[in-house]
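Have the sequence and the picture side by side as you read.

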Amino acid sequence: MVSSVSGKASIIGFGEETMVKGNPLNYWSLMSLSSQRAIQDARLDKNEIDGLVTVASSWTTFNTAANVFMEYMGLKGVRHCKTMPYIGGMYYGAFQEAMYMITNGLAKNVLVVSADSQNLKYNRTESIQNHAQYYCEPQWERPFGGSIPAIYATIAQRYMHEYGATNEQFAAVKVAATKWALMHPLAMQKKPVTIDDVLNSPMAFSPLHLLDFSMFGGAGGFAFVLSSTDRAIARRGELANAPVRMEAFEIVPSQQFWVSYRDSMSISDELAIEVPAAYKAAGIGPKDVDLFYTCDTTTCAVLQALEDCGFCERGEAGSFVAAGGIDPGGALPTNTSGGSLSGRHPGGSVLVMSQLAEMMAQLRGEAGPRQVPGAEVAAVAYGGTAHSNQSYSIWRRLD
Amino acid sequence: MQDPTNNPQALDLVEEAAPYWKEWPQLKGRPYPIVTEDGMAFWLRAKKGELAIQKCPACSKVQMPPWQTCRHCMSGNMEWVAAKGTGTVYSFSVVHHPPYEGLQAPYAFAVIELDEGVRMATNVINCPVGDVKIGMRVRVLFKPISESISLPFFEPDL
């Protein structure tokens, strides 16, 4: 993001529909229910939505096509629309796309919406099989039994080797996530977890134990309405909630979840570019961040993100987490819903959206027992599978 | 895996996944590599027991996995050269949940850094999975899985 558009777009409406059991609603239904709530939250008529960005779900791309969705919803005012692809985490580009529409004067009110029900349809084993079948590199990795969790584990093994991280430090991430999850009504982890619980859980993909991985389950639709920050401030009196300004949104494309293509496993080449750019655009540093949301499909990934985003020196995230750094009341409250490690992983394309939902709850002061007092600035580091397409964004509540 | 025909969204799933569903029977065994034009030369040489890697005649850099053009200087006409077949374990994971029935767990899924500098995914075999370590010296060992395909595995280079 160039600095001339930094801070020019804000979220003015948000809606979600989360399912925890039963037959999932299809993508359309999840998208429409969440969109309806977001548009109402933004105090807009549906025909005032003039920009639309949908994000493909994990199993189909056509199903969530923006031009089809706008007809389904009867969004008569849409003049610009785009469907973001699923694969490799490019869906985070949806927000960047909305920002481009707004700052170029193409649209006043942009709806960003996505839904997924993959993890309500498939159990854990099926999900691993699906991921190995669809997303593992088919010529050079799949014949050797590669799979998404195996690739995450290979990355973790190298990270341990280079920085001396330990399984106890990995386990501390799960323990911290569970402390948050126990305060969230829809979290899957219902009981406290100890370091020993993680270490004594079955070794799944060495060096990672079963409890080092996220908890698959649920389905969700998430919708956000964005407008220009000027317009958000002008409408502040009629909005239900304080706008949340996009201070910076940096994406460096990559498709590095195919391990044989990766340059480094311990360091994100993308975040190395994005993080300084984002802090510069936002005019802040890591110390100014009140909330941190990051991909936690494995415990190790959280440690790597804490280092990639400047919150810890290289190799020090493990001791930071073990000392309670990301706990409730810690120096950097992280994944405050329990994330996917102890909250829920509702499906590839909406994991980050579910984290952004929690970010909205926190920034709006609606997070109940999990509420971080005075939380004003949030940072979000997310990529696609196994650290591909890492993005970094910074958000601030406008009072 | 659920039978897609029992799924209310079956039509969408089957239509989009058609190329993959056709391979479904292979999931009973070890999955074959889906050989591309870029990789054909590798598999032809692998059948003869040679580990081939791509080398760029313009900038002399090596690359794997192969591609029509050089990732460093973008020249075409990539050449194939024989690698020594030795390297070190860059990283690995001992997998206890194989994605295919034809893979016997536990096995070591590994990324090897060849002495020429490129990396490739493989399995480290012929040693207990507990012995696999980062930095361990390994050498290639081809094993046929069909008449036309031999896979490059690696074993300890003692």
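In chain B, 3 strands make an open sheet, lined up as S2-S1-S3 with antiparallel pairing. Strands S2 (62-63) and S3 (79-82) of chain B sit at the edges, each pairing on one side only. Keep in mind that you're looking at a predicted model.

Zoom in on strand S1 of chain B, residues 52-55: 2 bridges link this strand to S2(B), and the two run antiparallel.

## A covered strand in chain A

Now hop over to strand S7 of chain A, residues 219-228. Here 10 of the 10 residues are buried, so the strand is largely enclosed by the rest of the structure.

Which strands pair with S7(A)? One is strand S1 (residues 9-19) of chain A, which is antiparallel to S7(A) over 10 bridges, with A:Gly13 opposite A:Val225. Another is strand S4 (residues 109-116) of chain A, also antiparallel, over 8 bridges; there A:Asn109 faces A:Ser227.

## The nonpolar core

The largest nonpolar core holds 159 residues, and those touching the most other members include A:Ala98, A:Leu226 and B:Ala110. Setting aside neighbours within four places in sequence, A:Ala98 is in contact with several residues, among them A:Ala9, A:Val110 and A:Leu226.

## A buried helix

Helix H11 of chain A (residues 299-308) is mostly covered too, with 10 of its 10 residues buried. Among them are A:Gln304, A:Glu307 and A:Asp308. After H11(A) comes A:Gly310, with a positive phi near 85°.

Technical notes: Residues are numbered from 1 along each chain as its sequence is written. Chains are lettered from A and ligands numbered from 1 in the order in which they are written. This is a predicted model: local features need pLDDT of at least 70, side-chain atom pairs count only at pLDDT 80 or more; totals for chains, interfaces and linings use all residues. Two strands pair if DSSP finds at least two bridges between them. Helices (H or I, at least four residues) and strands (E, at least two) are DSSP runs, numbered from the N terminus. A nonpolar core is a set of buried Ala, Val, Leu, Ile, Met, Phe, Trp, Tyr and Cys residues joined through C-beta atoms within 7 Å. A residue is buried if 20 or more other C-beta atoms lie within 10 Å of its own, exposed if 12 or fewer, and partly exposed in between; C-beta atoms are placed from the backbone. Two residues are in contact if their C-beta atoms, placed from the backbone, lie within 7 Å.
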